[in-house]
Amino acid sequence: MTMSRARRRLLGLCAAAAAWPALPALAREATAARAPRAGDEADAVMAGLDLSGRTILVTGCNSGIGFETMRVLAGCGAHVIGTARDAARGRDACAAVDGRATPVVLELTDQASIVACADRVRALAPRLDAVVCNAGIVLGAHERVGAVEKQFAVNHLGHFLLVNRLIDRVLAAPEGRVVTVGSGNHRDAPDGGIQFDRLDGEGWWERGYSHSKLANGLFSWKLARRLAGTAATSNCVTPGHTRTAILRSTGSKYGENARTPAQGAAMPCYAAAHPAMAGINGAYMSDFAPARQSASQTDAAMAARLWQVSESLVAPHLQPWPVALRGG
Ligand SMILES: NC(=O)c1ccc[n+]([C@@H]2O[C@H](COP(=O)([O-])OP(=O)(O)OC[C@H]3O[C@@H](n4cnc5c(N)ncnc54)[C@H](OP(=O)(O)O)[C@@H]3O)[C@@H](O)[C@H]2O)c1
């Protein structure tokens, strides 16, 4: 039987660690350094990492991928601030994980709630090592928040405002990361991409989830350009088809191949805190590698217009962007 060079090296490190008590940490690092593979659970991908001293915000912490992301990051030693729209659900979720997790209320359809959440997070954390924009909905009916289709409002616009109110805290971290949880579904957005002239969903709401996920990808891409030249990064990741509560209002069913939430959380955790992602900016990733995306998701003109339109929709609550980031 042949043994790969990497495996021989790992076994060598472990043998050395056994012989010399100062080396176990090195052996643990070597174990954690196995390249992650599609379908790995978040626990395995993050195994051996010490995130103590880091503060990470995860939206939608009480369910599915968000809960598992919080659980694994807190388990690695990070202080996770987890948002939920219901205070009791947030408290229960944070109490259910090992490690430090602090609940904060966030209702993404309500701009006052977003501002209050950001203020609370600012009071809790002088710096944010990562913000994971995870909360999201899939709707089976046409709903609006004011003049805007609801999936666009929750999945994109609410996070746009939240990140705006917290970006200085991200920049205060040594390598702050904004992670937006997107989806391969962005490729099914309506023809022409973002429907700027009818954001209320009229005529296209059935594709509203895909439309909102395209907005997630464009936001992440544009933010990455704004952050260029700083130590902070922005990446968009997709968790893969994952069995969670997200389809509950649609009547749709999961396929046989659906992942567990622990598998779905692997990519958000990796992007938020794994050393392999250090310095990576502007990527769209699935299964720990760049993923196929539509041309629309990196359309510079569409991204710039989305940014401007999003600013106008949250204008009363917008903070001036740090000077250096305004041009991007
Ligand atoms: N599951 C998949 O196959 C899949 C695939 C690709 C991408 N994603 C993305 O993964 C992310 C997490 O989804 P999930 O599958 O884990 O779904 P989930 O189990 O339904 O969790 C969604 C989270 O978002 C929260 N949320 C919903 N509406 C909100 C609002 N108005 N304000 C604040 N929070 C709100 C939910 O809170 P409540 O519990 O109170 O509703 C919940 O905490 C989403 O962005 C989704 O688009 C999922």
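Biologist: Which of the 29 residues around the ligand come nearest?

Modeller: Gly60, Gly64, Ala135, Gly136 and Thr244 come nearest. A residue is near a molecule if its C-beta atom, placed from the backbone, lies within 6 Å of it. Please note that this is a predicted model, in which local features need pLDDT of at least 70 and side-chain atom pairs count only at pLDDT 80 or more, while totals for chains, interfaces and linings use all residues. Residues are numbered from 1 along each chain as its sequence is written.

Biologist: Which helix gives the most to the shell around the ligand?

Modeller: That is α4, with three residues. Both α4 (64-75) and α7 (150-171) supply at least two residues of the shell. Helices (H or I, at least four residues) and strands (E, at least two) are DSSP runs, numbered from the N terminus.

Biologist: Let us turn to α7. Where does α7 bend?

Modeller: The bend is at arginine 165 and amounts to about 50°, taken as the angle between axes fitted to the seven residues ending there and the seven starting there. Helix α7 reaches 30 Å from its first C-alpha to its last, close to the 32 Å expected for its 22 residues at 1.5 Å a residue. The expected span is 1.5 Å times one less than the number of residues.

Biologist: How many residues of α7 are buried?

Modeller: Of its 22 residues, 19 are buried, so α7 is mostly covered. Buried means that 20 or more other C-beta atoms lie within 10 Å of the residue's own, exposed means 12 or fewer, and partly exposed is in between, with C-beta atoms placed from the backbone. Over the 328 residues of the protein chain, 47% count as buried.

Biologist: What about α11? Which of its residues are buried?

Modeller: In α11 (residues 300-313), the buried ones are Met302, Ala303, Leu306, Ser310 and Leu313. They cover an arc of only 95° around the axis, which puts them on the same side of α11; the arc is that of the directions from the helix axis to the C-beta atoms. An α-helix has 3.6 residues a turn, so residues three or four places apart point the same way. On the other side of α11, Ala300, Ala301, Gln308 and Ser312 are exposed.

Biologist: What covers the buried residues of α11?

Modeller: The cover includes β6 (148-149), α7 and α8 (208-227). Two residues are in contact if their C-beta atoms, placed from the backbone, lie within 7 Å.

Biologist: One last topic, the loop between β9 and β10. What is phi of aspartate 287?

Modeller: Phi of aspartate 287 is near 50°, a positive value in a residue other than glycine. Aspartate 287 lies in the loop between β9 (284-286) and β10 (289-290) and is partly exposed, with 18 other C-beta atoms within 10 Å. Phenylalanine 288 is found in that loop too, with phi near 70°, also positive. Phenylalanine 288 is buried, with 20 other C-beta atoms within 10 Å.
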